[in-house]
Amino acid sequence: MRSVQCSVETGFPSLNLPSPVQTISFENHTFYLKRDDLIHPDFSGNKARKLYYFLQNDFPHIDTVVSYGSVQSNAMYSLSVLAKMKGWRFEYYVDHIASYLKDNPHGNYKAAFENGMVIRERGAGSREQFGDNVLFIEEGGWQKEAEYGIRLLAEEILDWQKENNIKELNVFLPSGTGTTALYLQKSFSIINHQSSINVFTTPCVGDSDYLKKQFTMLESDETYHPTILSLPKKHHFGKLYRENYEIWLKLRQQTGVEFDLLYDPLGWRTLLAHRELLCKPLLYIHQGGLLGNESMLRRYQRKFPLITSEALIV
Ligand SMILES: *Cc1c(COP(=O)(O)O)cnc(C)c1O
């Protein structure tokens, strides 16, 4: 059973904030790496940032949190931790659970169950159908309340930049719903109008048009939008790509850091294809998600049994 540490004074788990920044070298370039994966063993990455508002504030009338999405999602797992910490019931709606997963629970699915998740195999409908006791969270934590925790991430980065006397900075992170990238760029601009930090991202779930729409639905002012970069070839979320597996192994080999297998490989490939970004110091945000690697890695090893770190030419 995973345990959640609680600090005595507040009853909240002690989070490792500000998260550390480390210097790494990859493919002969130096990068700064913001280790949001190290925020907490059970509650980390951008899901911790996006749900921070709910962790920090009191919701006396809430006893249940409801959400929906994919059956192995990082957001699902993080919500199960939040619910456990808050003493809430957690109901999660999925379209379908593969019988293989039902018979062999693993990864985020298994861990969320251990935290007491109640899963339902049908659509969640809309938030209106639930009572006042229910906190309804959109798929992937795509919602306005996320801004609160991402503002803190921006503050941490600005403080670090100042302490280290870094004049100019580019920030890169891969996007799903785009919530983290959007609120990060917006926060930099709001906290410090003179901030010259540019946030760059790439769509991992849909295409650039989808991501742009996601940004616009959360924030109509385009001056707050991050810059979207992409690779010429279409990418399908959750599909296995040799290039993704190879860069993930290379990252582990050259930096000693384990990245996530769903978003980070495309993130790093896109970043390396846009080396003009490296004319300024670049900070890459490690957004966690490592529990989900268990299921992805099994699939990769089955599909590409001959690719290993040793077999890669560095
Ligand atoms: C959820 C997630 C993302 C995508 O975050 P968005 O805010 O939806 O864009 C990226 N990386 C990891 C590791 C994630 O878990």
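Modeller: A contact here means heavy atoms within 4.5 Å. Keep that in mind as we look at this predicted model.

Biologist: Happy to! What share of the contacts with a separation of 6 or more joins residues 24 or more positions apart?

Modeller: In the protein chain, such pairs make up 77% of those contacts.

Biologist: How do you know that the radius of gyration agrees with a compact globule?

Modeller: A compact globule with 314 residues would come out near 20 Å, and the protein chain has 19 Å, so the two agree. The C-alpha trace spans about 50 × 50 × 40 Å along its principal axes.

Biologist: Good. Why is the set with F43, V65, W88, F90 and I119 called a nonpolar core?

Modeller: Because a nonpolar core is made of buried residues of kinds such as Val, Phe, Trp and Ile, joined through side-chain atoms within 4.5 Å. This one is the largest, with 32 residues, and the five you name have the most contacts inside it. Helix 2 (74-86) is one of the elements that supply at least two residues, and its seven are the largest share.

Biologist: Which residues does F43 touch, leaving out those up to four places away in sequence?

Modeller: Among them are L15, A48, L51, S78, V81 and M85. Apart from this core lies another, of 29 residues, including F26, I247, L261 and L278.

Biologist: And what makes a residue count as buried?

Modeller: Its relative accessible area must be under 20%. In the protein chain, 54% of the 314 residues count as buried.

Technical notes
Residues numbered from 1 in each chain as written. Predicted model: local features only at pLDDT ≥ 70, side-chain atom pairs only at ≥ 80, totals over all residues. Heavy atoms only, no water. Buried < 20%, exposed > 50% of the residue type's maximum accessible area, 1.4 Å probe, protein only. Helix = DSSP H or I, 4+ residues; strand = E, 2+ residues; numbered from the N terminus. Rg over C-alpha atoms; globule rule 2.2 N^0.38 Å.
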